Amino acid sequence: MKFDKILEYQSKDQELLALENEVAKSKERMALMAAKSRLDAATASVGKLSKEAADILAAHARLAERAEELNAGLDEFNGVLEGARNVNEADYYIRQITAISDEIAALEKEIAKTGERIDGIGAEYKRTWEHGIKASEAYKAAHAAYNAYIATVQPKVKQLNAELEALKKGVPAEIMELYASLRAAKKMPAFVPYRTDAGTCGRCFMEVSGDTRGKLRNPGDYAECPNCRRILFIPEN
């Protein structure tokens with residue numbers, strides 16, 4: 001079979017791939033990715049602080065509620081010592097009052113700590129939010145620069161895609177399927193000439209098996225390279 005169409009298609013496609021690689025490695029895309037990373041980090045930090053603040057506020061509320069319950073319980077012991085019938089009863093009330101007082105004191109310390117952390121989160125949230133605004137502005141600017149760059153490349157991309165579509169019509173379906181499979185596997189170029197003089201692949205330069213050589217005898221023959229899996233062919237004169 002003739003390979004002129006698939007080779008022309010391959011040449012155009014490699015040109016398109018080179019252009020795509022150029023875009024992927026462009027300073028505009030690198031700047032956009034860096035800006036997006038900073039924006040994502042700021043957004044994640046804001047979310048994390050918001051969750052921590054919500055958790056601490058809930059804990060603060062629980063501590064305050066418990067302290068209120070204990071204070072109410074402590075009020076119930078007002079005057080009980082005066083009514084104690086003996087030393088043992090008075091000692092019991094003292095132990096109960098001391099235990100409640102100790103728990104209240106511990107709770108007050110925890111309440112103070114959570115209050116301080118809430119204040120700290122507030123200040124940290126403000127700083128992170130401001131950083132997020134700057135990161136968002138930087139991302140928008142980087143995105144605009146990237147879009148402007150893409151606009152300069154897009155006409156060439158459209159042209160190549162149109163040429164590829166036109167060339168595709170002249171390529172047999174089974175050959176196109178082979179090509180698409182190899183392209184997906186990043187085996188480019190997919191179709192390479194067989195070096196009949198050396199019995200080797202024109203891409204990996206490895207010697208092919210006897211079975212493969214048997215399939216590559218005449219112009220128009222093609223077979224898969226057993227080493228790199230590309231398609232070897234013998235050009236027609």
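Trainee: What separates Tyr125 and Trp129 by about one helical turn?

Mentor: They sit 4 residues apart in helix α3 (residues 87–168), and that is why the spacing comes to about one helical turn. Helices here are DSSP runs of H or I with at least four residues, strands are E runs of at least two, and both are numbered from the N terminus. Before we go on: this is a predicted model, where local features need pLDDT of at least 70, side-chain atom pairs count only at pLDDT 80 or more, and totals for chains, interfaces and linings use all residues. Residues are numbered from 1 along each chain as its sequence is written, and side-chain values use heavy atoms, with hydrogens and water left out.

Trainee: Why is the pair of Tyr125 and Trp129 called stacked?

Mentor: Rings of Phe, Tyr and Trp (its six-membered ring) pair if their centres lie within 6.5 Å; planes under 30 degrees apart count as stacked, over 60 as edge-to-face and the rest as tilted. Tyr125 and Trp129 have ring centres 6.1 Å apart and planes at 10°, so they are stacked.

Trainee: What makes Trp129 partly exposed?

Mentor: Buried means under 20% relative accessible area, exposed over 50%, and partly exposed in between (1.4 Å probe, protein chains only). Trp129 has 46% relative accessibility, so partly exposed it is. Tyr125, at 29%, counts as partly exposed too.

Trainee: What makes the pair of Phe3 and Phe191 tilted?

Mentor: The search of the whole structure turns up 5 aromatic pairs. In the one formed by Phe3 and Phe191, the rings are 6.3 Å centre to centre with 50° between the planes, hence tilted. That pair links distant parts of the chain, 188 residues apart: Phe3 is in the segment before α1, Phe191 in strand β1 (residues 191–195).

Trainee: Why do Phe3 and Phe191 count as buried?

Mentor: Phe3 has 4% relative accessibility, so it counts as buried. Phe191 is at 2%, so it counts as buried as well.

Trainee: How do you know that the span of α4 agrees with what it should be?

Mentor: The expected span is 1.5 Å times one less than the number of residues. For the 12 residues of α4 (residues 173–184) that gives 16 Å, and the end C-alpha atoms are 16 Å apart, so the two agree.

Trainee: What puts the buried residues of α4 on the same side?

Mentor: The buried ones are Ile175, Met176, Tyr179 and Leu182. They cover an arc of only 130° around the axis (taken from the directions from the helix axis to the C-beta atoms), which puts them on the same side of α4. The face turned away from that buried side carries the exposed residues Ala173, Glu177 and Ala184.
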